[in-house]
Amino acid sequence: MVFSNLLFVFAFFPLCMLFYVLARGIRVKNVVLLIFSLLFYAWGEPVYVLLLLAMAFFDWLFARLIERDSGYRRSKLWLVLACVVDLGLLGVFKYGTFAMTNLQSLTGFPAVVPQILLPIGISFYTFQLLSYVVDVYRGEVAAQRSFFRLLLYVSLFHQCIAGPIVRYSQVSEELLLRRASASDVSYGITRFTVGLGKKVLLANTCAVIADKYFPADGLAATAAEVAAAADVIASQPVSLLWLGALAYMLQIYLDFSAYSDMAIGMGRMIGFHYLENFDYPYLSRSITEFWRRWHMSLGTFFRDYVYIPLGGSRRGMFRTILNLLVVWALTGLWHGASWNFVLWGLYYFVFLVLEKLFLKRILDRLPTVISWLYSMVVVFFGWILFRFRDLSLVWLAVCGLFGQNANPLTTFEANTVWLNYAFFLPIALVGVTPLVHWINQRLHHEAPVNRGARTVLNTAQVLAPILLLALSAFALVGNSYNPFLYFQF
């Protein structure tokens, strides 16, 4: 089940909120949330609820032991065991098939590679559990005495399967002491419907364009499917390849940020304050800035739990570059068990090192539009590497974008396609900018002293969620094409 699903929007979530509101006391409310969270996770993969329960139990137990033995060597032993269990299970389920496939290609063993299904959201909840036990070891949070409260933290359906990665320290108090004011509920509803509209009306349309004119090989694509994608890319006019690649660039931001919007909105409705996960990354003037704005919960996780413990930038330039190499190789691998993701992470490592050495100083002196264009070109081609698991398709796509596949610059059909999306594309581009947010801020600033601004703001606050919900529902009715990119992570 996904958030942008009619069953979720009009049945599951309203029922959860109804039982939550009727429940008396925070403990009973937490029971309601836990039951609905486990049902939500079990909807598509019932057996993997057991994995989630087991990992939460082991980390609950290890954290209690870490706290009990604080100051003794055994404390570090419990931490190491927790990391081995968490990373070991993540490695088996996410990277087991990938590792055995590569081993088979090198040695011929094993003869048959088992296809291990990837539990939804395992990367997200594994990182949340890791951050919890590490923070207990560091003495930054107290170990949670209630297993069920820790299970609620890690399984909460708002953010369990696609983030943002919520640290225990950020919500530990709100697990028992939270209150949602009327303004919180209003903000949460608006934020949820904005995310829903962003996903259904913008991201899904971008997905249609990208999949038709810039088709990728799937998670387990056969040789025939890869060949079919290659045939489409090789024969596609240059203009349609650029349209498809641009649509994919827009889709991946709109899709993931929409999910974060909905998670933050649902949390706010019941008193949880999740941190922002995106800060309009397509406005960045450098790759360093881009990664401060993109998937911020993942970036801060790697910074606080990998980069800084390795020494960060405190041990000289060579060690800094080595630490960055480790972080970005892991960042790429976190996104998927495929070599294109590893290369994607290393691709950004190269630009980040260049910026750290000298390029950032040059960019700071350039006109804003030039440094912004540099960043977007790097990001644009980075997404091409991200899109194709078969690396031959990456090269084919890049060649096609510059007409090197003997493909025409454009055709009558291609020009017609561009005209068909002439109205949609500017709206999608606005969706990746803070323009609407800026207008909303201006209205809030003017409302106390300007009656017209106050009227517009009050009307928008009432009508916008209703309109977005209605338009999203109409778009979802009869439309089974509702992909979500980050489920594979």
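This report describes aromatic pairs and charge-over-ring contacts in a predicted model.

## Basis of the values

The model is predicted, with local features requiring pLDDT of at least 70 and side-chain atom pairs pLDDT 80 or more, while totals for chains, interfaces and linings use all residues. Residues are numbered from 1 along each chain as its sequence is written, and side-chain values use heavy atoms, leaving out hydrogens and water.

## Aromatic pairs

The structure contains 63 aromatic pairs. Rings of Phe, Tyr and Trp (its six-membered ring) pair if their centres lie within 6.5 Å; planes under 30 degrees apart are stacked, over 60 edge-to-face, and the rest tilted.

Phe8 and Phe40 are an edge-to-face pair, because their planes stand at 70°, with the ring centres 5.8 Å apart. This pair links distant parts of the chain, 32 residues apart: Phe8 belongs to helix α1 (residues 6-22) and Phe40 to helix α2 (residues 26-42). Helices are DSSP runs (H or I, at least four residues), numbered from the N terminus. Phe8 is buried at 0% relative accessible area, and Phe40 is buried at 3%; buried means under 20% (1.4 Å probe, protein chains only).

Tyr153 and Tyr168 also form an edge-to-face pair, at 5.4 Å centre to centre and 80° between the planes. Tyr153 in helix α6 (residues 147-155) and Tyr168 in helix α7 (residues 168-171) are 15 residues apart. Tyr153 is buried at 2% relative accessibility, as is Tyr168 at 5%.

## Charges over rings

Lys29 lies over the face of Tyr20, 4.5 Å from the ring centre. Lys94 lies over the face of Trp334, at 5.2 Å from the ring centre. The criterion requires NZ of Lys or CZ of Arg within 6 Å of the ring centre and within 35 degrees of the ring normal.

Key: Helix = DSSP H or I, 4+ residues; strand = E, 2+ residues; numbered from the N terminus. Buried < 20%, exposed > 50% of the residue type's maximum accessible area, 1.4 Å probe, protein only.
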